[in-house]
Amino acid sequence: MSAGEGLLAGKVVVVSGVGPGLGRALCVQAAAAGAQVVLAARTESRLREVAEEIGAAGGTTLTVPTDITDDAAVANLVERTLAKFGRVDALINNAFAVPSMKALARTDFQQISDSLELTVLGTLRATQAFGDELAKTHGSVVMINSSVLRHSEPRYGSYKVAKSALLAMSQTLATELGAKGIRVNSVAPGYIWADQLKWYFGEVAKKYGITAEQVYEQTAARSDLKRLPEPDEIARAVVFLASDWASAITGQTLDVNCGEYHR
Ligand SMILES: NC(=O)c1ccc[n+]([C@@H]2O[C@H](COP(=O)([O-])OP(=O)(O)OC[C@H]3O[C@@H](n4cnc5c(N)ncnc54)[C@H](OP(=O)(O)O)[C@@H]3O)[C@@H](O)[C@H]2O)c1
């Protein structure tokens, strides 16, 4: 899609927490939808890699190494974004650190606290920091949540605590910021068919003496579409919520999971 076209044409979109999985896809799809994209995470080399990919396809980016748990780093992100583009239309909060995956009873408090620090407070810090600018553009915030909201399987406790708090926060922010014309929505992916999951299915296959394809089929069988969503499919749902096409949608959560859970 060329500049001037697409759901996000003329918009400036900040993606906080750009990693190799969904984060990359969010940046690529936002750029493909016509946005100028600001890439933020701690690892500068990865930001540059994704920016180069977008640049090669004709898109415009700014990379700002940022730790969203740090006030000064987030203030710098806002400053650099405004210096380069002069406006912000959407903030996509995607940052993620691998959760403990232990039973809650055996998860140490520091781990839970770190998870809340990143998922809840880091996200709130970024959202607060861009609040005034988003109010000027009647902009949009999209929180990346998880289908952990829909189940209570053992070992996902710490992750569920953090993502449930993120959801509660998103709903309150939707109410608080609505009067300023800012929309706040969430996207909840389940499985994401990307490198991390491909590696994991390989490990499961070895453990049970089956093929990775069989692990995929057994897992996908639980969804209506009998397959697992790819990062770009989740990213395009986020692009929609970030765009003006979702102008009357706020305080909502969109599940993108090929029909694994209904609600
Ligand atoms: N992967 C899945 O199967 C799955 C399923 C459901 C939902 N989700 C959700 O989807 C989102 C993306 O998951 P993903 O696995 O695809 O991750 P990803 O986009 O590949 O990476 C997320 C990135 O967040 C960055 N980050 C971590 N701490 C940060 C901090 N303090 N400040 C700034 N950035 C930080 C990390 O980069 P740096 O280390 O460079 O900072 C990391 O690479 C997450 O919100 C996750 O909960 C994922």
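## Ligand, rings and loops

Colleague: How far does a backbone N or O atom of Gly 21 lie from an oxygen atom of the ligand?
Modeller: The backbone of Gly 21 supplies the N or O atom, and the ligand supplies an oxygen. The cut-off for a polar contact is a pair of N or O atoms within 3.5 Å; within protein, one must be able to donate a hydrogen and the other to accept it, and residues adjacent in sequence count only if both atoms are side-chain atoms. Here the distance is 2.7 Å.

Colleague: Which things are left out of the side-chain values?
Modeller: This is a predicted model, numbered from 1 along each chain as its sequence is written; local features need pLDDT of at least 70, side-chain atom pairs count only at pLDDT 80 or more, and totals for chains, interfaces and linings use all residues.

Colleague: How many residues surround the ligand?
Modeller: A residue counts if one of its heavy atoms lies within 4 Å of the molecule. The closest are Gly 21, Gly 23, Arg 42, Thr 43 and Tyr 159.

Colleague: Which residue has a side-chain N or O atom 3.0 Å from an oxygen atom of the ligand?
Modeller: A nitrogen atom of the ligand is 2.9 Å from a side-chain N or O atom of Asp 67. The 3.0 Å distance involves a ligand oxygen and the side chain of Lys 163.

Colleague: Where is Ser 146, and which backbone nitrogen does its side chain reach?
Modeller: Ser 146 sits in the loop between strand 5 and helix 5. Helices (H or I, at least four residues) and strands (E, at least two) are DSSP runs, numbered from the N terminus. Beyond four places in sequence, Ser 146 touches Tyr 159, Lys 163, Val 187, Ala 188 and Pro 189, where contact means heavy atoms within 4.5 Å. Its side chain reaches, at 3.0 Å, the backbone nitrogen of Val 148.

Colleague: Is Ser 146 buried or exposed?
Modeller: Buried means under 20% relative accessible area, exposed over 50%, partly exposed in between (1.4 Å probe, protein chains only). Ser 146 has 7%, so it is buried.

Colleague: What geometry does the aromatic pair of Phe 96 and Tyr 159 have?
Modeller: The structure holds 5 aromatic pairs. For Phe 96 and Tyr 159, the centres are 5.9 Å apart and the planes are at 70 degrees. Rings of Phe, Tyr and Trp (its six-membered ring) pair if their centres lie within 6.5 Å; planes under 30 degrees apart are stacked, over 60 edge-to-face, the rest tilted. This pair is therefore edge-to-face.

Colleague: How far apart in sequence are the parts tied together by the pair of Phe 96 and Tyr 159?
Modeller: Phe 96 is in the loop between strand 4 (90-93) and helix 4 (109-137), whereas Tyr 159 is in helix 5 (residues 157-178), so the pair joins parts separated along the chain. The separation is 63 residues.

Colleague: Which residues do ring pairs link into a cluster?
Modeller: Five aromatic residues belong to the cluster. They are Tyr 191, Trp 193, Tyr 200, Phe 201 and Tyr 216.

Colleague: Why do the buried residues of helix 7 lie on the same side?
Modeller: The buried residues are Val 215, Thr 219 and Ala 220.

Colleague: Which exposed residues does the face of helix 7 turned away from its buried side carry?
Modeller: On the buried side, the cover includes helix 6. The face turned away carries Glu 213, Glu 217 and Gln 218.

Colleague: What is the C-alpha distance between Gly 139 and Asp 89?
Modeller: Gly 139 is in the loop between helix 4 and strand 5 (140-144). It is buried at 2% relative accessibility. Gly 139 and Asp 89 are 50 residues apart in sequence, yet their C-alpha distance is 4.6 Å.

Colleague: What is phi of His 138, roughly?
Modeller: His 138 is in the loop between helix 4 and strand 5 and is exposed at 54%. Most residues other than glycine have a negative phi. His 138 has a positive phi, near 50 degrees.

Terms used. Side-chain values use heavy atoms; hydrogens and water are left out.
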